[in-house]
Amino acid sequence: MNTLQSINPATRELVGEVPVADTSQIQVAVNRAHEAVKSWGVMSLEERAQCFKDAAPVILEQAEELGRLISSEMGRPLAMAVGEAKGVGGALAHKVDDIAKALSPHSIEDDNVHSTFYYESLGVCAAITPWNFPVNMIQWMIVPALMAGNAVVIKPSEQTPLCGDLYVKILQQFLPEGVLQIVHGGKDTGRELVNSDVQMIAFTGSRRAGQQILADAAKDFKRIILELGGKDPLIVLEDADVAAAAKFAATNSYFNSGQVCVSSERVYVHESIAEEFEKGLVEHTSKIDVVPGDQEGSGLGPMVADFQREHVMRQLNSALADGAEKLFGADEHPEGYVMPTVLRVTDDMDIMQEETFGPISCVRHYSDIDELIEKVNASDYGLSAVIFSEDIDKATALARRIETGMVGINKGCSGAEGTPWVGAKQSGYSYHGGEAGHRNFAQVKIVSTPK
Ligand code: NAD
């Protein structure tokens, strides 16, 4: 039997292994899912929601164990990993209420016609997820899909199969047989699942994989939601609270070792405040605790795996070779780790073009805002942006000119409760979350009668 090994990136120890699904096992899972949809798809929203409400306390009870698995599989320090597990369990009950509300029938009418919108099952949904928030990303993709009456076959990341497996096993205890199944494997398994008899693909991951899925799904007009990578700008205007902006830049560049889709990957600072900003950023960066191998601490963990470390080191070394100034950073990067680094860069460097997904903060000075916006928008990515300014009207006007799905002003990009998570351009294709996002997991049907 072909198996997948999960390795702790900090200690290099084997965490565990799972069997890789072959073609026939994928087919069996998808067939079983089609059977399950027949009854699950006609259950009421309240009945479906109740399954998740029953599961939520069990996720919370097992949050410590789930967090330990997240930490050992992808390297995030334990306390933060347990935080992810608790967040997932804590949010579930009220998330399903929001989804049920969004998917409930509603009507409009004119003088002649009364029309009702129903949100119905599409059939079987393949969910494919990454490793950087390995349980949260699964919940994001599968819960709205299941609430919409679809059955789901999930393939978690090959880097984090065990925490995905545990989370799915908890949910399975509360769901009818076949409604939620899990298969393991790498990208070939993902591709087979995409090309199997599924009607929808809910995907979070890289732009490269998203593009392949878009092409594969086109053959049968499968519905897709793609949440993809980013190269997010942080713009610090001349009237910004510089200390707050520097603190934000450090937090948003290094959290999860920079392995966050909305990490601040390009930091643009007005030249009049650049010196003060860089001083603050370096100060915050110098205080970050990195104890290699120690996942009990609260500092920076290792990169998820060698392939990711090599990618980040390649970008870092290439930037240095191209003349980037190192404002802060180590001479040596311990095995498995990339030490937090602050660079002063120019736009033409590789590190300012492609997603880094590592703890490198790249600062570029600007003087002309129109020229800057042109540069910001020259990227194929368009996930989110952050602006720091004391003038909210000015920052809002600027936000409207930036080609991203989300913009945060004096804060990260996430919106108020109930807002969707949206990527523009090559950072996303359709979206999830919020009323409109929940509805993307269903087939809308409109039934009209004369008045
Ligand atoms: P990845 O694309 O390499 O893999 C993601 C998942 O897709 C894995 O399960 C993998 O096995 C599978 N896969 C890869 N190629 C496939 C294919 N052709 N067909 C089907 N399945 C395939 O991404 P990753 O390295 O796991 O995650 C990091 C990426 O995810 C980054 O680009 C990050 O920005 C992005 N991300 C985006 C969001 C968002 O909300 N926009 C959130 C988290 C992560």
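Biologist: Which domains does the shell around the ligand draw residues from?
Modeller: In this predicted model, the shell takes at least three residues from each of domain 1 (3-228 + 427-450) and domain 2 (232-417).

Biologist: How many residues surround the ligand, and which are the closest?
Modeller: The ligand is surrounded by 31 residues. The closest are Glu 158, Ser 206, Leu 228, Glu 355 and Trp 421.

Biologist: What lies 2.8 Å from an oxygen atom of the ligand?
Modeller: That is a polar side-chain atom of Trp 421. For Glu 355, an N or O atom in the side chain is 2.6 Å from an oxygen atom of the ligand.

Biologist: And what about Leu 228: which of its atoms lies 2.7 Å from a nitrogen atom of the ligand?
Modeller: Leu 228 places a backbone N or O atom at that distance.

Biologist: How much of the ligand does the protein bury?
Modeller: The protein buries 93% of the 850 Å² that the ligand exposes when taken alone.

Biologist: Which elements give two or more residues to the shell?
Modeller: They are helix 5 (136-147), helix 7 (187-194), strand 8 (200-204) and helix 8 (207-218).

Biologist: Which of them gives the most?
Modeller: Helix 8 does, with four residues in the shell around the ligand.

Biologist: Changing topic, what is the make-up of the shell by class?
Modeller: The shell around the ligand has 14 nonpolar residues, 10 polar ones and seven charged ones.

Key: Residues are numbered from 1 along each chain as its sequence is written. This is a predicted model: local features need pLDDT of at least 70, side-chain atom pairs count only at pLDDT 80 or more; totals for chains, interfaces and linings use all residues. Side-chain values use heavy atoms; hydrogens and water are left out. A residue is near a molecule or strand if one of its heavy atoms lies within 4 Å of it. A polar contact is a pair of N or O atoms within 3.5 Å; within protein, one must be able to donate a hydrogen and the other to accept it, and residues adjacent in sequence count only if both atoms are side-chain atoms. Accessible areas come from the Shrake-Rupley method with a 1.4 Å probe; for residues, only the protein chains shown count as cover. Ala, Val, Leu, Ile, Met, Phe, Trp, Tyr, Cys and Pro count as nonpolar, Asp, Glu, Lys and Arg as charged, and the others, Gly among them, as polar. Domain bounds come from an automatic or database domain assignment.
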